[in-house]
Amino acid sequence: MRLGRAGTSISLRTHLLLLVAAILPLGALAASFVLRIESREPAGLIAAAALLVLAIALALSMSRRIANAALSVTGAARAIAHGETPVLGSFPIRELDELARAVAAAGSARRDSENRLRAAEARVAAILDATPTAVMGIDASRRVMLFNRAAETLFGYATSEAIGAAADRFFAQR
């Protein structure tokens, strides 16, 4: 999964300052047009409306830019939760770009940990399977959780029958 896009990265604060720097003067200019036009000439009102529309368009554009980056990072975090390893591109907002890199690194770390865990489980299973001594693991509820081949031979039960069974059935009662 590849998310994001390449480009120049500036901070979220800078994005917001640019937005305010663009919208406030446009709004003030539009307001002055409206207040100065006593006769309510259509040309002045149209110019004021155009400036307000431009200010709104700038606000929507900036908010969409910020929201899209945030949604991409959120999607990557959800992908990690489902066991995927997302690949995120760079984002135009520095803080979200850093967050995206951290999320991608977390996904890689999870994948590596899961691979190491599977390898360790396979090694333990091979060792238990090859052990000539009967090995039976019992949990706190006295249920069988582990049962190797030697235990099958000793007790006369298949592993599938033993796992989850009460451990007391394998030992003589006094």
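Predicted model: local features only at pLDDT ≥ 70, side-chain atom pairs only at ≥ 80, totals over all residues.
R101, by contrast, counts as exposed, because its relative accessibility is 57%. The side chains of D97 and R101 meet in a salt bridge, with 2.8 Å from N to O. Both residues lie in helix α3, which covers residues 94-130, and they are four residues apart, about one turn of the helix. An α-helix has 3.6 residues a turn, so residues three or four places apart point the same way.

At 1.5 Å a residue, the 37 residues of α3 should span 54 Å, and the end C-alpha atoms of the helix are 54 Å apart, so the two values agree. The buried residues of α3 are L96, D97, A100, V103, A104, G107 and L128.

## Salt bridges

The structure holds six salt bridges. Side chains of opposite charge can pair when their charged atoms come close. Besides the pair of D97 and R101, a salt bridge is formed by R111 and D112, whose closest N and O atoms are 3.7 Å apart. R111 counts as partly exposed at 36% relative accessibility, and D112 is likewise partly exposed at 34%.

A further salt bridge joins the side chains of D168 and R142, at 2.6 Å from N to O. This pair links distant parts of the chain: D168 is in the segment after α5 and R142 is in the loop between β3 and β4, 26 residues apart. D168 has a relative accessibility of 34% and counts as partly exposed; R142 is partly exposed as well, with a relative accessible area of 43%.

## The β3–β4 hairpin

Strand β3 (residues 136-138) and strand β4 (residues 144-147) pair in the antiparallel sense, over three bridges. Within this pairing, G137 stands opposite L146 in β4. The two strands form a hairpin with five residues between them. In the turn, R142 has a positive phi of about 65°; R142 is also the residue whose side chain meets that of D168 in a salt bridge.

D139 is found in the loop between β3 and β4, and is partly exposed, with a relative accessible area of 28%. A polar atom of the D139 side chain lies 3.0 Å from the backbone nitrogen of S141. D139 and A167 are 28 residues apart in sequence, while their C-alpha atoms are 9.2 Å apart in space.

## Aromatic pairs and cluster

A pair of aromatic rings is described by the distance of the centres and the angle of the planes. A search of the whole structure finds five aromatic pairs. One of them is formed by F155 and F171, which are edge-to-face, with 6.1 Å from centre to centre and 80° between the planes. F155 lies in helix α4 (residues 149-155) and F171 in the segment after α5 (159-162), so this pair ties together parts that are 16 residues apart in sequence. F155 is partly exposed, with a relative accessible area of 24%, and F171 is also partly exposed, with a value of 41%.

The rings of Y157 and F170 have their centres 5.1 Å apart and their planes at 80°, so this pair is edge-to-face. Y157 lies in the loop between α4 and α5 and F170 in the segment after α5; the pair therefore ties together parts that are 13 residues apart in sequence. Y157 is partly exposed, with a relative accessible area of 26%, whereas F170 counts as buried at 9% relative accessibility. F147, F155, Y157, F170 and F171 form one aromatic cluster.

## Contacts of the segment after α5

The segment after α5 takes part in several of the contacts described above. D168 in this segment is linked to R142 in the loop between β3 and β4. F170 in this segment pairs with Y157 in the loop between α4 and α5, and F171 in this segment pairs with F155 in helix α4.

Methods. Residues numbered from 1 in each chain as written. Heavy atoms only, no water. Phe/Tyr/Trp six-rings, centres within 6.5 Å; stacked < 30°, edge-to-face > 60°. Buried < 20%, exposed > 50% of the residue type's maximum accessible area, 1.4 Å probe, protein only. Pairing = 2+ DSSP bridges. Salt bridge = Lys/Arg side-chain N within 4 Å of Asp/Glu carboxyl O. Polar contact = N/O pair within 3.5 Å; in protein donor to acceptor, adjacent residues only side chain to side chain. Expected span 1.5 Å × (residues − 1).
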